[in-house]
Amino acid sequence: MADPISGAAIGAAFSALLTEVTNMTRKARLRRSLLKHLKITLKKIEPRVDKMSKMVGNRPEEEIGKLNDYLTNGKQLVQIYSTLPFWNLYQKHVRAGELKCLDKELSSFFQIEVPLNIMSTNASIKNGVDELKEKVDRLHAIQAGGFPGSCGVPGLPEIIVGFNHHLAEVKYRLLKDDTKVLVISAPGGCGKTTLAKMLCHDKDIKDVFGQNILHLIVSRQSSLKSIALNLFRHYGKNDCVFQTEEEAKNQIENLMREMGPNNILLVLDDVWSESESIVQQLRFQIPGYKIMATSRFLLNSLDSTYELGLLNHEDARTLLCHSAFPPNGIPDGVPDDYVNKMVEFCKGFPLALTAVGASLCRQPLLKWKITLKKLSEGQSILQSDKRLLHCLKTSIDALDEFPITKNCFLDLGAFPEDMHISDTLLMDMWAELYNDGNDVNNASGYLLKLSSRNLVNLVSIRKYVVELQGYENEHYYVMQHDVLRELAVHISSQEPISKRKQLFMEIHGNEFPKWWTQKTEQPINARILSISTDETFISSWNEYDLNAPNVEVLILNIRSNHYSLPQFIKKMSQLKILIVTGYGTYPTQLDDISCLGSSSSLRCIRFEHICFLSSIHIIFKLQKLKKLAFVTCKIGDALPHIILGERRLDRSALSVIKVLRKTCNTLKVCATKCHYTLPNLTDLEFDHCYDLKILPAGLGNIAQLQNLSITNCHELDALPEELGSLLNLKTLSIHSCTKLQELPESIGSLLNLKLLDISDCLSINVLPQQIGQLSSLTLLQMSGCRGLHELPESVSKLLKLKDVICDEETSYLWENVGADVRNVKINVVEEDRLGSFMKMFGNYVTIPDHDPLRTSMQVLMKNNYFG
């Protein structure tokens, strides 16, 4: 019979195992995380082992013997595992499995076989929850390269490229006296943590903060108590217990004050939106104390945010090559063109470049060819490495508690990559899909939530943004990174085609999907259907029917020169929104839209970059249509013929009518009754329609119109007198119509008009006296009206006018306005002189933002070469 095992023997065996794990963690290079995880487990059970060794006589011999075997055999296993040669991958794999098993058995032994009485009390349960949260935080720390149980700064990656200018900017912002909290914000996989580590290791930062740089992972499950435990254990105080969050906060503040008068930098890595309040509570009024946080969300309530961009092509190529090739550089067998194409597919995402490069490391040229071929044929870059997919998908999984917002993110996959999407278009679409078409403002909340989580970028359409309370006339372009769009497409495509809520199709040439041509997936139950065709698509759709009765939003993305709307639209009885966009060099000529005559449920139609050569009267028979938009469209004579029905008035006739109206106010000019009055249309938009020269007089027949937007139509030189018949009009925007010379006198009849925008109408030199009759006008935008030299006296009657947005030159016009409107706030914006100069040339001048010619023109503007 074997001698009984003493408590001292148990303690010695445990110490030997812990010492071995600690030593080998420093030495081992491969699978070091396994040893670190085992070390966490040993540290966790250490108090219980100590207690058990003191009460060996009161425990079953079988229990004590099993623990001794675990400890003794564990030490031998760690020694074997850590000394295996690097090339013996099989043995490494086997021993790694045994280490995981040991870790699991030790945890299970103390959780199940050795239950302690204290675990039955409520206090113990509470401590157990804290331990669980702490373990999660520690696991996150291990994944990020940190040290368990420590708030030390993790080491730097082996190679870092493209971050030097980011480091300089972040360092400058952090060291500013008025910065208390700085947030580095970007989507997952962009290198936020890497940049934070660089900052912590920077010499200038170390000179300022010395040893008082503390690094913590703030996971979704973190609390102030778990953060306090980590901080106190970092300083060797392992026996601290915090009963409440408030107590933890107070103790953290006391700890920070004790570290004074030296400066302190607290780095909070991977802060989720749910933990923003934790960052706020950690803000203490302590001299020299600063917080730097990284987050994939925009934490707007904090002091300063640095939005981290993606890598440029040169830096992206360097990172890919480091991951894909051995130290000697690109082998002779891999063409340089292959490398550049692979860099383009990764879209500047550091994580994507590293993951894809690793998947191609030491692979033959054939592997490169196959991968490039798949990517060029539409395979997502996300399929190259599960790490990239997992990293990005966590941001989307966090939207599970906001199912509508998550659907909105997935809806964005319906639009082509690298494109600007109108925010009004998205809000109209989401209002119809998720709010029964009633609350557009609520739909805007979905967009803001996506923006706050860095899942979309909002770019102001104008050069300036004036934030005025109560006005929502500022609009944005919505942009999404290509990899995030691929993520939306990937998630949407996980279900069978017939069950998808969003169905996105790309047709190359005339090659339709097999499920469509063979009718193996009918009917389609999607609410959103997006069909993208390339420049070689020539089908008239006659051969291809589609049964999609539940589609509410149809998005057609076109690259060909000619196109006809598919006839299966007639079967879409639930269709509410139609978006037709041409993405070719020239506007796509739309040859046939007759199928719209059967779309009795349509509420919103948007045509973008489309050419109309014939009448489109069919649109104006849609009784439920509420919103109609033409953007960068070539309209020709299609619209004037429609709105006036069978009778057309040329420009000379309209001029005569205008003169007669001025002569005799009682004169009524009646055109032939319009057959197409669009009784429910509330919004009409013309933007960048370069051949739009005159609006038809019959515009006044649209009785319910509330918002009329005519922007960047540089050939428009007159507005019809019938504009005054739009008695329900609330907003009128005539922004950047550079040839428009005057407003019609009938504008005084618009008694419900609240917003008038005539900004950048360079040719307007006088405002009508009747403008003073706009009794509801609260906002007037008139910056860039360089031809306007005085205001009519009647503006003093605009008693409800609250805000005027203008440039410095036009602001002087308001100095002599009557006392009744002296309380009007004059908001002066900086004039975009280059923009105004280019508007004078309309569509004849197109200079990209980064073209050297634009820079030269800016220099000339600065030196007044253009007056």
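Two strands count as paired if DSSP finds at least two bridges between them. The model shown in these views is predicted.

**View 1. Three strands make an open, parallel sheet.** The strand order is β12-β14-β16. β12 (562-564) and β16 (610-611) stand at the edges. Each has a single partner strand, so one side of each lacks a neighbour in the sheet.

**View 2. β14 pairs with β16.** Strand β14 covers residues 588-592. Its pairing with β16 is parallel and runs over two bridges. Threonine 588 stands opposite isoleucine 610 of β16. In general, strands of a sheet pair through backbone hydrogen bonds.

**View 3. Tryptophan 516 and phenylalanine 568 form an aromatic pair.** A search of the whole structure finds 17 aromatic pairs. In this one, the rings lie 5.9 Å centre to centre, with 65 degrees between the planes. Planes over 60 degrees apart count as edge-to-face, and this pair is edge-to-face. Tryptophan 516 lies in helix α21 (residues 514-517). Phenylalanine 568 lies in the loop between β12 and β13 (577-582). The pair therefore ties together parts that are 52 residues apart in sequence. Tryptophan 516 has 1% relative accessibility and counts as buried. Phenylalanine 568 is also buried, with a relative accessible area of 2%.

**View 4. Phenylalanine 612 meets phenylalanine 630 edge-to-face.** The ring centres are 5.8 Å apart. The planes stand at 80 degrees, so the pair is edge-to-face. Phenylalanine 612 sits in the loop between β16 and β17 (627-631). Phenylalanine 630 belongs to strand β17.

**View 5. Aromatic residues gather in one cluster.** Its members are Phe512, Trp515, Trp516, Phe537, Trp541, Tyr563 and Phe568.

**View 6. Lysine 449 lies over the face of phenylalanine 402.** The distance from the ring centre is 4.1 Å.

**View 7. The whole chain gives the setting for the close-ups.** The chain holds 26 helices and 24 strands. Of its 867 residues, 51% count as buried. Among contacts with a separation of 6 or more, 68% join residues 24 or more positions apart. The accessible surface comes to about 41,600 Å². Carbon and sulfur atoms account for 50% of that surface.

Terms used. Residues numbered from 1 in each chain as written. Predicted model: local features only at pLDDT ≥ 70, side-chain atom pairs only at ≥ 80, totals over all residues. Heavy atoms only, no water. Helix = DSSP H or I, 4+ residues; strand = E, 2+ residues; numbered from the N terminus. Buried < 20%, exposed > 50% of the residue type's maximum accessible area, 1.4 Å probe, protein only. Contact = heavy atoms within 4.5 Å. Areas by Shrake-Rupley, 256 points an atom, 1.4 Å probe, with all protein chains shown as cover. Phe/Tyr/Trp six-rings, centres within 6.5 Å; stacked < 30°, edge-to-face > 60°. Lys NZ or Arg CZ within 6 Å of the ring centre and 35° of its normal.
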